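Dear colleague,

I am passing on the structure below, together with some notes on what came out of looking through it. Please read the notes beside the model.

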Amino acid sequence: MSQRTLVLLKPDAVRRGLIGEIVGRIESKAGWAITALELRTLGRPLLEQHYGEHADKPFYPPLMEFMTSGPSVVMVVEGERVIEGMRALAGPTDPIAAAPGSIRGDFGTIVRENLVHASDSEESAERELKLFFPEAV
Ligand code: RTP
Ligand code: MG
């Protein structure tokens, strides 16, 4: 089943020069394609909508600070079971709990600075794609 998902390479990934490494892993997956890719410094209004489910959590203010701290790479990835597949490629939220071989497991140590975002369901993907690429519809 071909799907579309929203992937962000967060400001830590861009600052650390990991764009090529992470994009390479995504491109290597058989049958997946990156169909949009842009370097963009994300603003608070957009991020407040994107991470609205976490607005009441203690980690929300530092998350907003971090996500606006520099440019991110914003991407659309399409392909077979890409929603589940990109979450697996990223690994669990806490990089220390993430297995080696996953992006977070290979490159992360800090929960907040965990390198990537990928939509967590079909509903999230649809909502997030509209939010980040409103012109594409
Ligand atoms: P994401 O939404 O970014 O793809 O990450 P996720 O689903 O794996 O994790 P989620 O629970 O949605 O959390 C969103 C992002 O907030 C930061 N976070 N910090 N305890 C903490 O300090 C904490 N918990 C979460 C991470 O950047 C996480 O990816
Ligand atoms: Mg999430």
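The protein chain has seven helices and four strands, where helices (H or I, at least four residues) and strands (E, at least two) are DSSP runs, numbered from the N terminus. Along the sequence these elements follow the pattern β-α-α-β-α-α-β-α-α-β-α. The radius of gyration, taken over C-alpha atoms, is 14 Å, close to the 14 Å that the globule rule gives for 137 residues, so the protein chain is as compact as a globular protein of that length; the rule itself is 2.2 Å times the number of residues to the power 0.38. The C-alpha trace spans about 40 × 35 × 25 Å along its principal axes.

This is a predicted model, in which local features need pLDDT of at least 70 and side-chain atom pairs count only at pLDDT 80 or more, while totals for chains, interfaces and linings use all residues. Residues are numbered from 1 along each chain as its sequence is written, and chains are lettered from A and ligands numbered from 1 in the order in which they are written.

Of the 137 residues in the protein chain, 32% are buried, a residue being buried if 20 or more other C-beta atoms, placed from the backbone, lie within 10 Å of its own, exposed if 12 or fewer do, and partly exposed in between. Contacts (C-beta atoms, placed from the backbone, within 7 Å) with a separation of 6 or more come to 70% from residues 24 or more positions apart.

In helix α7 (residues 122–132), the residues A125, E128 and F132 are buried. They cover an arc of only 75 degrees around the axis, which puts them on the same side of α7, the arc being that of the directions from the helix axis to the C-beta atoms. An α-helix has 3.6 residues a turn, so residues three or four places apart point the same way. The cover over the buried residues of α7 includes β1 (2–9), α3 (44–50), β3 (72–80) and α5.

The UniProt annotation "binding site", from an unreviewed entry, covers K10, F59, R87, T93, R104 and N114; its positions are in the numbering used here, feature names are shortened, and annotations may be inferred rather than shown by experiment. R87 sits in helix α5 (residues 82–90) and counts as partly exposed because it has 18 C-beta neighbours inside 10 Å. R104, in helix α6 (residues 103–107), counts as buried because it has 23 such neighbours inside 10 Å. Leaving aside neighbours within four places in sequence, R87 is in contact with A118 and D120, while the contacts of R104 on that basis include N114.

Note on methods
Contact = placed C-beta atoms within 7 Å.
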